[in-house]
Amino acid sequence: MSGFNALSKPLKPRSEVAVHTIHPTLEEKPRAKYSVPDWFNHNYAISYDAERSRNVSHQVRQDGRRLTNETYNESWWNKHDNDVRISDRLDEIDKWRKTLEYTIQDIDREIQAIQTAKEQCERYLAHMRSPKPRYTRWTQSNR
């Protein structure tokens, strides 16, 4: 039997056919894995978990933003306070520097005045110690 004659043979009843395939054929419709209520419950659980996960991630992001803002504000105010303290300290140092410069100038003027007074006193002392010329009376006899 070859060709068309082989195809036109009458079919054997199903009970007599031996199945030699790796995957047996299904004789009836497979049962649903989930019933409809189970399917809805499963989808609700997935949706609920996704919503909860979304809320948690949103909360984590908000906490991160809040922490970032708090850290930024705290560091900004710390920097501001330090800048003010440094500025005040620089002003105070400048004030003391000027005070010391004026004091040094005053001391230099006083030293100069004291040296001048000392030199004048030394001249007076030297003049007082030097022998004074004696005035002699010129009398007629000396002439």
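Trainee: How far apart are R97 and E101 in helix 2?
Mentor: Keep in mind that this is a predicted model. R97 and E101 sit 4 residues apart in helix 2, so about one helical turn separates them. Their side chains form a salt bridge, with the closest N and O atoms 2.8 Å apart.

Trainee: Which residues are joined with R97 and E101 into one network?
Mentor: Salt bridges with shared partners link D94, R97, K98 and E101 into one network.

Trainee: How many salt bridges does the structure hold?
Mentor: There are 10. To call one, you check whether a side-chain nitrogen of Lys or Arg comes within 4 Å of a carboxyl oxygen of Asp or Glu. Take D83 and K79: their closest N and O atoms are 2.9 Å apart, so by that cut-off they form a salt bridge. These two are 4 residues apart in helix 2, about one helical turn.

Trainee: Are D83 and K79 exposed or partly exposed?
Mentor: The line between those classes is drawn at 50% relative accessible area. K79 reaches 51% and counts as exposed, while D83, with 38%, is partly exposed.

Trainee: What distance goes with the salt bridge of R52 and D49?
Mentor: That one is 3.5 Å, N to O. Both residues belong to helix 2, which covers residues 36-129, and they are 3 residues apart, about one turn of the helix. R52 is partly exposed with a relative accessible area of 45%, and D49 is partly exposed at 40%.

Trainee: Let's move on to rings. How many aromatic pairs does a search of the whole structure find?
Mentor: It finds 3. For each pair, read the centre distance together with the angle between the planes. The rings of W39 and F40 have centres 5.0 Å apart and planes at 75°, so this pair is edge-to-face. W39 is partly exposed at 43% relative accessible area, whereas F40 is exposed at 51%.

Trainee: What kind of aromatic pair do Y44 and Y48 form?
Mentor: A stacked one, with 6.3 Å from centre to centre and 25° between the planes. The angle decides it here, because planes under 30 degrees apart count as stacked. Y44 and Y48 are 4 residues apart in helix 2, about one helical turn. Y44 is exposed at 59% relative accessibility, and Y48 is partly exposed at 47%.

Trainee: Which residues form the nonpolar patch on the surface?
Mentor: Y34, V36, W39 and F40, and together they have about 450 Å² of accessible area. Y34 lies in the loop between helix 1 (4-7) and helix 2, and Y34 is partly exposed at 40% relative accessibility.

Trainee: And for the chain overall, how many helices and strands are there?
Mentor: The count is 2 helices and 0 strands. For burial, the cut-off is under 20% relative accessible area, and buried residues make up 0% of the 143 residues in the chain. The chain exposes about 14900 Å², of which carbon and sulfur atoms supply 57%.

Technical notes. Residues are numbered from 1 along each chain as its sequence is written. This is a predicted model: local features need pLDDT of at least 70, side-chain atom pairs count only at pLDDT 80 or more; totals for chains, interfaces and linings use all residues. Side-chain values use heavy atoms; hydrogens and water are left out. Buried means under 20% relative accessible area, exposed over 50%, partly exposed in between (1.4 Å probe, protein chains only). Patches are made of residues with over 30% relative accessible area and no salt bridge: like charges are joined within 9 Å, nonpolar side chains (Val, Leu, Ile, Met, Phe, Trp, Tyr) within 5 Å. Accessible areas come from the Shrake-Rupley method with a 1.4 Å probe; for residues, only the protein chains shown count as cover. Rings of Phe, Tyr and Trp (its six-membered ring) pair if their centres lie within 6.5 Å; planes under 30 degrees apart count as stacked, over 60 as edge-to-face and the rest as tilted.
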